[in-house]
Amino acid sequence: MLDCAVANGVAPAASCAVVLGGQRLPVVTAGAATAETFFDLASVTKLFTTVTVLALVDGGLMYLDTPISRVFQEYRHGQKTGVTLRGLLTHTSGLPSQWRGWEQALIEGQPFDRTALIQNLLAMDLEAAPGTRFEYSCAGFNTVMSLAEHVTGIKWAQLVQSQVLSKLPTGSITGSPRAQDCAPTEFQPTLSRGLIQGIVHDEAAWSLGGLSGNAGMFATAAGLAEFGEALRTGLTGVLSPALAAEMWRSQLPQLLGANANAASPSFGHGLGLRINQQPWMGTLGEHARGHGGFTGTSLLVDKVHGITISLLSNRVCPSRDGDDASGLRTAVSDVVYSSRNDFN
């Protein structure tokens with residue numbers, strides 16, 4: 001399947017790690033990838049963001065349901081007073097999908113000023129009242145990052161390392177990879193970036209210095225699968241059982257109430273985790289949790305069937321205008337589910 005995807009131009013490189021019933025299968029690669037190749041995880045990063053801040057909640061430094069206006073004065077007016085960490089982690093805060101405050105610096109030919117960019121981010125207006133809609137928001141997850149940095153006084157990359165990465169049994173996940181170890185992503189001459197390799201592809205995260213709330217993590221397929229197994233088995237040693245269960249639990253019916261719309265989204269959502277997101281989680285993935293990434297990455301975890309699938313590609317190389325890799329993700333999910341009984 002991976003060979004066909006490369007041959008058909010879906011991506012120049014692909015790597016897949018599967019764990020069935022706790023058994024780690026050999027990593028499969030295709031194209032310009034080996035088992036040691038690191039890929040830009042794009043929005044799969046949001047799972048690491050979620051676990052990082054939930055660890056801070058466990059430590060009493062952050063709170064799921066306290067309005068973030070307690071910390072940010074930019075949220076002390078109008079509907080913004082109702083925004084909470086839970087709302088940000090479930091995309092129900094009312095914030096827009098994208099924050100594009102980084103564009104002005106490029107227009108003016110100025111270097112990025114992270115402090116000024118964070119101020120611009122926090123000044124964003126809501127598009128809807130909190131709890132009235134689901135709208136996928138990278139801006140929301142960078143707000144989560146800003147909140148964590150503010151309450152701890154610690155830089156984001158250090159928080160992710162201390163709260164999550166240092167507690168995982170792998171060194172193959174990082175926010176600061178060596179370029180030569182990474183699959184390249186997009187060629188962006190219009191932004192004066194050239195061929196991007198070993199630097200986060202997402203422009204917002206790039207402007208904020210790399211690893212951010214919405215993107216910027218890199219991993220090998222096996223490394224990401226280890227994180228997936230930690231998720232599947234309850235994040236022992238990382239989160240309390242209660243918060244690990246809360247991350248897994250479907251949140252939208254409670255948060256949206258009468259505003260819930262079965263068609264939008266057409267899948268469930270926990271804290272940071274998509275639930276049964278068809279079609280890429282597979283026709284049998286009704287119990288699956290996970291997340292996909294714009295660069296052609298995904299992590300699927302299923303407690304009921306004992307499945308973890310880490311599928312990585314660089315489908316945006318050299319351009320984001322090609323195949324979105326949805327067909328590949330669906331096919332891989334379906335074949336893994338069809339084989340699960342062989343490993344029970």
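My entries below go topic by topic.

**Ground rules.** I am working with a predicted model, where local features need pLDDT of at least 70, side-chain atom pairs count only at pLDDT 80 or more, and totals for chains, interfaces and linings use all residues. Residues are numbered from 1 along each chain as its sequence is written, and side-chain values use heavy atoms, with hydrogens and water left out.

**Aromatic pairs.** I took rings of Phe, Tyr and Trp (its six-membered ring) as paired if their centres lie within 6.5 Å, with planes under 30 degrees apart stacked, over 60 edge-to-face and the rest tilted. By this rule I get three aromatic pairs. One of them is F112 with W206, edge-to-face at 5.1 Å centre to centre and 85° between the planes. This pair links distant parts of the chain, 94 residues apart: F112 is in the loop between α4 (103-108) and α5 (114-122), and W206 is in helix α8 (residues 203-207). For these labels, helices (H or I, at least four residues) and strands (E, at least two) are DSSP runs, numbered from the N terminus.

Next I looked up F134 and F267, whose ring centres are 6.0 Å apart with planes at 90°, so this pair is edge-to-face. It also spans distant parts of the chain, with F134 in the loop between α5 and α6 (138-152) and F267 in the loop between α11 (252-256) and β9 (268-269), 133 residues apart.

How accessible are these rings? I call a residue buried under 20% relative accessible area, exposed over 50% and partly exposed in between (1.4 Å probe, protein chains only). F134 is buried at 10%, F267 is buried at 14%, and F112 is partly exposed at 27%.

**Charges over rings.** I counted a charge as over a ring if NZ of Lys or CZ of Arg is within 6 Å of the ring centre and within 35 degrees of the ring normal. K80 lies over the face of Y75, 4.1 Å from the ring centre. The charged end of K303 is over the ring of W248, 4.3 Å from its centre.

**Around W248.** W248 is among the buried residues of helix α10 (residues 241-248), along with L243, A244, E246 and M247. I found the buried residues of α10 packed against α2, α3, α9 (221-232), β10 (274-275), β11 (289-293) and β12; contact here means heavy atoms within 4.5 Å.

**S298.** S298 is in strand β12 (residues 297-302) and is buried at 4% relative accessibility. Leaving out residues up to four places away in sequence, S298 touches V44, L224, W280, H291, G292, I309, S310, L311 and R329.

**G87.** G87 lies in helix α3 (residues 85-89) and is buried, with a relative accessible area of 6%. With residues up to four places away not counted, G87 touches T92 and S93.

Most residues other than glycine have a negative phi, and most peptide bonds are trans. I noted a cis bond from Q278 to P279, with omega near 5°, and another joining C317 and P318, with omega about 0°. N276 has a positive phi near 50° and is in the loop between β10 and β11, where P279 also lies. A325 has a positive phi near 70°, sits in the loop between β13 and α12, and is buried at 1% relative accessibility.
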